[in-house]
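Here's a friendly walk through a protein model for anyone meeting it for the first time. Have a look at the structure, then read on.

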Amino acid sequence: MIGYTGFAKNRFELLACILITDTAATCGLIQPCIVLPHNLLTSLTPPDLRLLLLHEAVHVRRQDVLVDLIATVIASVYWFHPVGWLARFFLRRERELACDMAVLDLAKDDSSAAYGQVLLK
């Protein structure tokens with residue numbers, strides 16, 4: 001467990017987990033937490049890991065966990081209506097694109113190709 005106070009407004013924790021194998025995740029409403037697969041910590045270079053953490057820190061700063069929870073509750077209340085589930089799907093997709101754009105804006109100019117490679121890993 002690593003505490004980090006950086007780009008995000010609030011302090012958040014970094015957790016390495018051997019049970020998660022494919023992607024990083026942000027969780028926690030009150031105490032934000034970024035969960036990283038252990039294999040990513042060992043396979044990524046420090047600059048690539050910085051870009052990945054920057055992406056997750058953007059999620060923390062934008063409070064995307066809360067937004068996703070609200071969207072899920074609304075879609076659950078209107079479970080019978082497919083527009084609710086479609087809206088939730090598109091919201092998630094646009095949220096990821098917005099975080100990617102924020103990372104590209106915050107990162108150095110020469111790191112856009114490196115960030116594309118990180119996304120493919």
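This is a predicted model: local features need pLDDT of at least 70, side-chain atom pairs count only at pLDDT 80 or more; totals for chains, interfaces and linings use all residues.

## Helix α3

Helix α3 covers residues 64-77, which makes 14 residues, and it reaches 20 Å from its first C-alpha to its last, close to the 20 Å expected at 1.5 Å a residue. Its buried residues are Asp64, Asp68, Ala71 and Ala75. Looking down the axis of α3, you'd find these buried residues within an arc of 65°, so they line one face of the helix. And what covers them? The cover includes α2 (46-62) and α4 (82-106).

Another residue with its place in α3 is Leu69. At 41% relative accessibility, Leu69 counts as partly exposed. Its C-alpha sits 9.4 Å from that of Leu29, a residue 40 residues apart from Leu69 along the chain.

## Salt bridges

How many salt bridges turn up in a search of the whole structure? The search finds 3.

One of them joins Asp64 to Arg62, with the closest N and O atoms 3.4 Å apart. Asp64 is buried, at 4% relative accessibility, while Arg62 counts as partly exposed at 40%.

Asp68 is the one to watch next. Its side chain meets that of Arg92 in a salt bridge, at 3.0 Å from N to O. This pair links distant parts of the chain, with Asp68 in helix α3 and Arg92 in helix α4, 24 residues apart. Asp68 also forms a salt bridge with Arg95, where the closest N and O atoms are 3.6 Å apart. Asp68 lies in α3 and Arg95 in α4, so this pair ties together parts that are 27 residues apart in sequence. Through shared partners, the salt bridges join Asp68, Arg92 and Arg95 into one network.

How buried are the members of that network? Asp68 is buried, with a relative accessible area of 16%, and Arg95 is buried too, at 11%. Arg92 counts as partly exposed, at 32% relative accessibility.

## The nonpolar core

Now for the largest nonpolar core, which has 19 residues. Which of them touch the most other members? They are Phe12, Ile34, Leu36, Leu51, Leu52 and Val103. The elements giving two or more residues to this core are β2 (12-17), β4 (33-37), α2, α4 and α5 (112-120). Helix α2 gives the most, with 7 residues.

Leaving out residues up to four places away in sequence, Leu52 touches Ala24, Leu36, Leu40, Leu44 and Val118. Leu36, one of these contacts, is also among the core residues that touch the most other members.

How many disulfides does the structure hold? The count is 0. A disulfide needs the two sulfur atoms within 2.5 Å.

Note on methods. Residues are numbered from 1 along each chain as its sequence is written. Side-chain values use heavy atoms; hydrogens and water are left out. Helices (H or I, at least four residues) and strands (E, at least two) are DSSP runs, numbered from the N terminus. The expected span of a helix is 1.5 Å times one less than its number of residues. Buried means under 20% relative accessible area, exposed over 50%, partly exposed in between (1.4 Å probe, protein chains only). The arc is that of the directions from the helix axis to the C-beta atoms. Contact means heavy atoms within 4.5 Å. A nonpolar core is a set of buried Ala, Val, Leu, Ile, Met, Phe, Trp, Tyr and Cys residues joined through side-chain atoms within 4.5 Å. A salt bridge is a side-chain nitrogen of Lys or Arg within 4 Å of a carboxyl oxygen of Asp or Glu.
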